[in-house]
Amino acid sequence: MIILDVGRSSAIATGKEKQTFFEKAKTCASLIVQRLIFSSPNDQVGILLFGTEETNNQLNVDSGGYENITEAFEVKPPNWQTLRILQTQVAQTNSEASWFDALIVGVNFLRNGSLGKKFTGYSIILISPLLMRTDIDESQLESVSDSISNMLGVLHIITNNVLHPAASVASIFTTSGSFDGQANKTEPRVQNERWVKNVLDATEGTLSNINWAERMLSFFDPKAVRPTPWNSTLSIGTKVKLSISAYVMIGEQKGLGSFKIDSVDESASKVEMRTQYFLNDKPAEISMQDIIMGYMYGSTVVPYDNTIDIEYRSGDARLACLGFTAASNVLEEYLCGKGAHVVVAKKGCTASNQKLCALVQAMHEMNVIMIATKVYRKDTRPRLNALIPTYKRDVPCLVMLELLFKDEMCSLKFPSLLKSKNKPTNEQYDAIDKLIDSMNLMDAIDDSNGEYREAYALNSTFNPTLQHVQRTVAYRALNPKQPLPEASSTLQELIDVPAKLVERSKPALEEVKKVFDLKEIKQSSRADWLQRMAKIKAGDDMNSSSSTTIDSGVLMDENDSDDTSRRMVVSVGTVTPAEDFALLLRRGEKFATVATQLQNVVFELLFTSMRPPGDKVIAALMVYRSEAQMLGPYRYNEWMEEFKTMLLSRQKADFWEKVIVGQKLGLIDSRESEMSTVSVEQSADFYKTPTEKKIANESASGDYIDPDSLFDELNGTF
């Protein structure tokens, strides 16, 4: 139950933005309903307004004396329609009502609204500045407190002039602040604070600052899920068997599911799912018989034929011990999976509990880990797991982490970063040490009271992506015709460096700049590339005195020119596509095959890579065009026409103008190659975009207008 103050006293300004208390209170009420929609859709909520011009509540009808209090929304599941009415129709008034009378009406409203319904608990959220004078008897206060406690309810009060320590990382409604004793307060406010403390102590409620509550409520909690155990049998050898239950300890947080309807109002209709297939960005009709399973390895599609699967039956679900090993033998890189489970004895199995306690104690004393085979369901694929002994709240248990098989391990070898010519000095080491110390996250956030807490703590940091998606969906549901807003400042704080660290690390950064001398490395110019291409065409010796080599497919220094540092080029890659293309042609590879590989690489560098393409795409296009002039321009011209359409449709007009048009890498005409069927006029017309062609046609069909005269007329010099 949300009890919202809309009276005259809620017009006071609060916070740094100097918003009225009413505006912040209505925002908090809206955020509470939004959190329920996303996190607890099965809960129910009602809204009571006090300080309204009219009076509409059942308690006033029955006994009277509860004026200017309105039962606005009955207790029902949260929905977007309630939020729309709350935002558009609830306004501040010039009337007043007692917060204590509103609390009494709210308790009665909640009790009547929950008749015939089964709830595990009740929460009453009162949002008010507590400025109106209220005469309360001790007996009335005790009666209301008992009523809330008897119905298993908890009272939460949101108001101003409340302090929260910075070290507090708990979420709202789980931690309580305290009234600010240094703030200037009226006599009614001081008296109301004393009554509020008594009610909160009796009901074990919480007290929150309105500004702090608005910030905390803007973050959506993950949807509450009842923990469901995986019940199985842990077998050790042939004689020892334990009945165990495994619970998810750490798992991947899930976002919003798929939408079932396409609107949030009464005109909602069911969402129809449609699958469409594309081939080279063009719609294609595909038969289901022609579809096989595939996987994505980066941007490469790897087809998989399930007919080659070996029929293997793993048997019943189980957790079978394979053996024990020293804890030092299980390295972090051997772990995989999406989370961790905690294994305890099955509820009610006393014998299994005793065996598990003895097992955990023995493993802990010997510092060993159990390696076990886990079959989640009958005949599913078995997986290796490591069971680590630990104690959770003095309860012995096993933490289960998935292990990878030997063939799943990929050992990557990288060249040493510390070479003799660039080994850091002691001064550089000291500078980096100071920089690391200055960016310590453990005390990165503090407040005026001198208290501090850790930044980006795992137990109090939200996923910014999921939070932004949920806020965007909520905004679109409430404002269907308005443009979506940018990420708010509260979300930006989740990914920005704390201000304290920025200031503290400035001296260390300046020292790093001084001791590390940066030198600019100039990229090879187009003239250098043309000279290199000329050498390749002329068939110069591979072991020339040039400072670079093409044989390895990578530009290399003279000091690294030994055969062991070279790599074999089997196809055109994204690192040095032009060199790979030229080398493969010299080896005798088919031009059509290598050209297709180069086209795919150019597509990947331009449209799927997260890094800017750089000069490698220009070099690749230049060598492709020069070879096509001699080996056959048809394939290049056909691809270039599709490439132009793709660039313009994917907002790559700058690349088209600067590279294709600027470097004259368009169609190969009959003047450049005798095998070309493209005329000189067609080649020149190819560089014009559809917009330029339309303007040219319109100018040709109408009267001629001198552009210089137009500029003179615009400048007033006509």
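Is Glu-402 buried, partly exposed or exposed? Glu-402 is partly exposed, with a relative accessible area of 22%. The legends below return to this residue, and they all describe a predicted model.

**Figure 1. Overview of the chain.** Before zooming in, here is the setting for the close-ups. The chain holds 21 helices and 23 strands. It has 718 residues, and 37% of them count as buried.

**Figure 2. Helices α1 and α7 pack side by side.** Two packed helices are described by the angle between their axes and the distance between the axes. For helix α1 (residues 21–39) and helix α7 (residues 210–217), the axes come within 9 Å and cross at roughly 30°. Angles under 35 degrees count as roughly parallel, and α1 and α7 are therefore roughly parallel to each other. Their crossing is left-handed. On the α1 side, the contact is made by Phe-21, Lys-24, Ala-25, Thr-27, Cys-28, Leu-31, Ile-32 and Arg-35. Facing them from α7 are Ile-210, Asn-211, Ala-213, Glu-214, Met-216 and Leu-217. By residue class, this contact divides into nine nonpolar, two polar and three charged residues.

**Figure 3. Helices α17 and α18 meet at an oblique angle.** Here helix α17 (residues 634–649) packs against helix α18 (residues 653–661) at an angle of about 135°, with the axes 7 Å apart. The two helices are therefore oblique to each other. From α17, look for Met-640, Phe-643, Lys-644, Leu-647 and Leu-648. Their partners in α18 are Ala-653, Phe-655, Trp-656 and Ile-660. The residues of this contact divide into eight nonpolar, no polar and one charged.

**Figure 4. Arg-215 pairs with Glu-493.** Side chains of opposite charge can pair when their charged atoms come close. In this view the side chains of Arg-215 and Glu-493 meet in a salt bridge, at 2.9 Å from N to O. Arg-215 lies in helix α7 and Glu-493 in the loop between α11 (489–492) and α12 (499–515), so the pair ties together parts that are 278 residues apart in sequence. Arg-215 is partly exposed, with a relative accessible area of 31%. Glu-493 is partly exposed as well, at 44%.

**Figure 5. Glu-402 pairs with Arg-383 between two strands.** This is the residue from the opening question. Glu-402 forms a salt bridge with Arg-383, and the closest N and O atoms are 2.7 Å apart. Glu-402 sits in strand β21 (residues 395–403) and Arg-383 in strand β20 (residues 383–392), so the pair ties together parts that are 19 residues apart in sequence. While Glu-402 is partly exposed at 22%, Arg-383 is buried, with a relative accessible area of 19%. The two labels rest on a cut-off: buried means under 20% relative accessible area.

**Figure 6. A salt-bridge network around Lys-185.** Lys-185, Arg-189 and Glu-193 are linked in a network of salt bridges. Within it, the side chains of Lys-185 and Glu-193 meet at 3.0 Å, N to O. Lys-185 counts as partly exposed at 24% relative accessibility, whereas Glu-193 counts as buried at 7%.

**Figure 7. Two loop residues with positive phi.** Most residues other than glycine have a negative phi. Leu-130 has a phi near 60°, a positive value. It lies in the loop between β6 (122–127) and α5 (138–150). Leu-130 is buried, with a relative accessible area of 1%. Arg-393 also has a positive phi, near 55°, and is found in the loop between β20 and β21. At 82% relative accessibility, Arg-393 counts as exposed.

**Figure 8. Pro-303 and its neighbours.** Pro-303 has its place in strand β16 (residues 300–304). At 57% relative accessibility, Pro-303 counts as exposed. Leaving aside residues up to four places away in sequence, Pro-303 touches Ile-292, Met-293 and Gly-294. Pro-303 and Ile-292 are eleven residues apart in sequence, and their C-alpha atoms are 7.1 Å apart in space.

Notes:
Residues are numbered from 1 along each chain as its sequence is written. This is a predicted model: local features need pLDDT of at least 70, side-chain atom pairs count only at pLDDT 80 or more; totals for chains, interfaces and linings use all residues. Side-chain values use heavy atoms; hydrogens and water are left out. Axes are lines fitted to C-alpha atoms, for helices over the stretch in contact, and angles run from 0 to 180 degrees between N-to-C directions. Helices (H or I, at least four residues) and strands (E, at least two) are DSSP runs, numbered from the N terminus. Angles under 35 degrees count as roughly parallel, over 145 as roughly antiparallel, 65 to 115 as roughly perpendicular and the rest as oblique. A crossing is left-handed if the near helix is turned anticlockwise from the far one by less than a right angle, and right-handed if clockwise. Contact means heavy atoms within 4.5 Å. Ala, Val, Leu, Ile, Met, Phe, Trp, Tyr, Cys and Pro count as nonpolar, Asp, Glu, Lys and Arg as charged, and the others, Gly among them, as polar. A salt bridge is a side-chain nitrogen of Lys or Arg within 4 Å of a carboxyl oxygen of Asp or Glu. Buried means under 20% relative accessible area, exposed over 50%, partly exposed in between (1.4 Å probe, protein chains only).
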